[in-house]
Amino acid sequence: MPEGLGLDRPVRAFVALPCPAGLSGSITRKLVEWRELGADVAWVDAASSHLTLRFLGSADPARLARLSARLGDVARSADLVEARPGSTGAFPGWGRPRVLWLAVESGGAIERLAGAVEVLAREAGFDPEGRPFTAHLTLGRVRAPRGMRRAASAVRAWKADGTVEAIPEIVLYKSELGAGGARHTALGRYPIG
C-alpha cells in the first residue's frame, strides 16, 4: 500500500481547489431559484463545490502516492490564489449545454497552478490532459432537454455576488459515484504559499 493515502485499489480521483466560502454562499442562494425552474438538471451541492485543476480518472494507488508526494511542494511554491467570480458559461456551448458553469478569475494564478499540477500528473504516470484548462465551478449538469433552455437562460443571465477571496489549499480528492451523485473525500490537503 503506498505511503500516506491508505489505498489498496484504484480509485476515481481529481485535484482541485475548494470553492471560497462567500462564493459558495452566493451559489447556494441562486440554486434555490434554479431548482424551481423544473429543468432536468443535476444541480451541484454548493457546500462541496470545487474548481478541478486536474481530473485523474481511475487512478492506481502508486501513481496517486507519487503525485501526492509532490503536491505539497507545488502548493507551497505557488502564488497566493485570490479568486473572484467571473461570467457564466456552458460546455460545449449555450446552444446545447451539457454542463453549466461559473468562471473563476485569479489574474492567472489558478491557470499557473493547473499547469504545475498537469506537469506533476504526467511525471507521476498519468496520461496528458486532452482538453484545454478552463478555471470554473460546475453549477449543474443537464440530464435531458426538459427545461434546458430555461435553465441555460437563467444561468447565463446571472451575475454572481462576491468579492475577492483567498483559496488556501489544494485538495486531492477521491470521488465515489452513487445514486445521489458523487461523494468526494479528501485524500490530502496541501496549503498554498
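Analyst: **The largest pocket**

The largest pocket has a volume of about 1300 Å³. A pocket here is an open set of points on a 1 Å grid over the protein atoms alone, with protein on both sides within 12 Å along at least five of seven lines; lining residues have an atom within 4 Å of a point. The volume is the space filled by probe spheres set on points joined across faces, edges and corners.

This is a predicted model, in which local features need pLDDT of at least 70 and side-chain atom pairs pLDDT 80 or more, while totals for chains, interfaces and linings use all residues. Residues are numbered from 1 along each chain as its sequence is written, and side-chain values use heavy atoms, without hydrogens and water.

The lining of the largest pocket has 37 residues, and H50, T52, H136, T138 and R141 are the closest to its centre. At least two lining residues come from each of β1 (11–18), β2 (41–43), β3 (50–59), α3, β6 (136–142), β8 (169–178) and β9 (181–191). Strand β3 gives the most, with five residues. Helices (H or I, at least four residues) and strands (E, at least two) are DSSP runs, numbered from the N terminus. By class, the lining of the largest pocket holds 15 nonpolar, 12 polar and 10 charged residues. Nonpolar means Ala, Val, Leu, Ile, Met, Phe, Trp, Tyr, Cys and Pro; charged means Asp, Glu, Lys and Arg; the others, Gly among them, are polar.

A search of the whole structure finds one cavity of 30 Å³ or more, where a cavity is a set of points at which a 1.4 Å probe fits but cannot get out. The volume of the largest cavity is about 30 Å³. Its lining consists of P18, P20, L23, L51, V104, L137 and I167, which divide into seven nonpolar, no polar and no charged residues.

Helix α3 (residues 109–123), which supplies pocket-lining residues, also packs against another helix. The axes of α3 and helix α2 (residues 61–77) come within 10 Å and cross at roughly 155°. The two helices are therefore roughly antiparallel (over 145 degrees). Their contact (heavy atoms within 4.5 Å) is made by L67, R70, L71 and V74 of α2 and by L113, A116, V117, L120, A121 and E123 of α3. Eight of these contact residues are nonpolar, none polar and two charged.

F91 and P92 are joined by a cis peptide bond, with omega about -5°. P92 sits in the loop between β4 (81–91) and β5 (99–105).

Conventions:
Axes fitted to C-alpha atoms, helices over the stretch in contact; angles between N-to-C directions. Parallel < 35°, antiparallel > 145°, perpendicular 65-115°, else oblique.
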